[in-house]
Amino acid sequence: MRNHTTTPTFARRALAAAALAASGALALAGCSGAEPSDAAASADAGSAPTQVSFALDWAPNTNHIGVFVADELGYFEDAGIDVEILPYGSASAMQLVSAGEADFSIGGQSSVQMARTSGLDVKSVYSITQTDTGRLVVLGDREDITRPSDLDGLTFGGFGAPLYTALAKGTITGDGGSGDFEEVVLDTGAYEALSQGRIDFTLSVATWENLQTEIDGHPYRAFKYQDFGVPDQQSTGIVSSEAFLNEHSEEAEAFVQAVARGYQYATDHPREAADLLIAANPDTLGTAQELVKRSTALMADEGFLVSPDRPIGAPNPEAWNEFGAFLFKQGFLVDAEGKPLTAEPDWSEYYTDEFLG
């Protein structure tokens, strides 16, 4: 799902439609992500750093915090690379990676599963969120809506992709509803439409929009998809292309391990990491300091950035397999010619942990 950001003005346009685009303290034993490997850290002192590019998928937000921390604290420099952070543009970040216009970008699990299946050259190299951050939401003062099945026959503010509709329908049917509702495509305007009562429900992100509504004093009532049978996913990650990884494995290792250090720092020092993110993006985040700090704290404290079961940034094969099966059974997967797949892919080919060390 796409990743969303919102503040009263910045947020409602800033991250509204990603793959919604997912616990506990990290067991550091065996995790080399927090520190660079000898190969990644052994750049000659006198040599020029290697240029690497990273494309944002939307306006800077806490999904990106590890990248900005790594940049601000010199982790990229330590690894011998100079990272250019490309601002969000009209082309999707993953399309830029597939076309060789960027070396890395943000790309959540389900986005990678659909994009690679359809022919894009993308592969997940780092899992930012260990679980799904997406939620189905309604206004908190709607006394007639207390559970997903109450949404039958109402109006959904969607984002123009079948996956979002399926997440809403799957949550409702998982609660015993029929999953029949009217849908209007509003993209980033969904949040304004919800607050104005022009739609009844939409999809949001627990670590961003939901926090903003709490700050505003009008919190959403949120339903977690997984509480109603939808498979979990690592909803935010970092991707590269097979072409880049094959030709520049050392640079890929240096980048991924420096990023892992950045996200580990954000986990261990959320307040300081939030300050670094804001300082790096004063124009977009300078007026959203409370949101950024609360979001970073939530992601660090509630197990979004780390898992007790895996090294930081590592893929969860079970999540890839189960959510991939959900996509396949729902008919969302098509090949490069736009034809529905007749066989489920081998999801282990869609991600790698080799650059974590």
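**Charge patch and ring pairs**

Modeller: Start at the negative patch: α3 (65-72) and β2 (81-86) each supply at least two of its residues. Helices (H or I, at least four residues) and strands (E, at least two) are DSSP runs, numbered from the N terminus. The model is predicted, so local features need pLDDT of at least 70 and side-chain atom pairs 80 or more, while totals for chains, interfaces and linings use all residues. Residues are numbered from 1 along each chain as its sequence is written, and side-chain values use heavy atoms, without hydrogens and water.

Biologist: Which residues form the negative patch?

Modeller: D71, E72, E77, D82 and E84. Patch residues have over 30% relative accessible area and no salt bridge, and like charges are joined within 9 Å. A salt bridge puts a side-chain nitrogen of Lys or Arg within 4 Å of a carboxyl oxygen of Asp or Glu.

Biologist: Where is E84 found?

Modeller: In strand β2. E84 is partly exposed, at 46% relative accessible area. Buried means under 20%, exposed over 50%, partly exposed in between, with a 1.4 Å probe and protein chains only.

Biologist: And α3, mostly covered or mostly open?

Modeller: Mostly covered, with six of its eight residues buried. Those are I65, G66, V67, F68, V69 and A70. G74 follows α3 and has a positive phi, near 80°.

Biologist: How many residues does the protein chain have, and what share is buried?

Modeller: It has 357 residues, and 57% are buried. The chain holds 15 helices and 10 strands.

Biologist: Switching to rings. How many aromatic pairs are there in the whole structure?

Modeller: The search finds 15. Rings of Phe, Tyr and Trp (its six-membered ring) pair if their centres lie within 6.5 Å; planes under 30 degrees apart are stacked, over 60 edge-to-face, the rest tilted. Y126 and Y263 make a stacked pair, 5.5 Å centre to centre with 25° between the planes.

Biologist: What does that pair tie together?

Modeller: Y126 lies in strand β4 (residues 123-127) and Y263 in helix α11 (residues 249-268), so the pair joins parts 137 residues apart in sequence. Both Y126 and Y263 are buried.

Biologist: What about W320 and Y351?

Modeller: They form a tilted pair, at 5.0 Å and 45°. W320 sits in helix α15 (residues 317-330) and Y351 in the segment after α15, so parts 31 residues apart in sequence are tied together. W320 and Y351 are buried too.

Biologist: Which residues do ring pairs link into a cluster?

Modeller: F54, F76, F104, F244 and F255.

Conventions: Patches are made of residues with over 30% relative accessible area and no salt bridge: like charges are joined within 9 Å, nonpolar side chains (Val, Leu, Ile, Met, Phe, Trp, Tyr) within 5 Å. Accessible areas come from the Shrake-Rupley method with a 1.4 Å probe; for residues, only the protein chains shown count as cover. Lys and Arg count as positive and Asp and Glu as negative; His and the chain ends are not counted. The place of a charge is taken as NZ of Lys, CZ of Arg, CG of Asp or CD of Glu.
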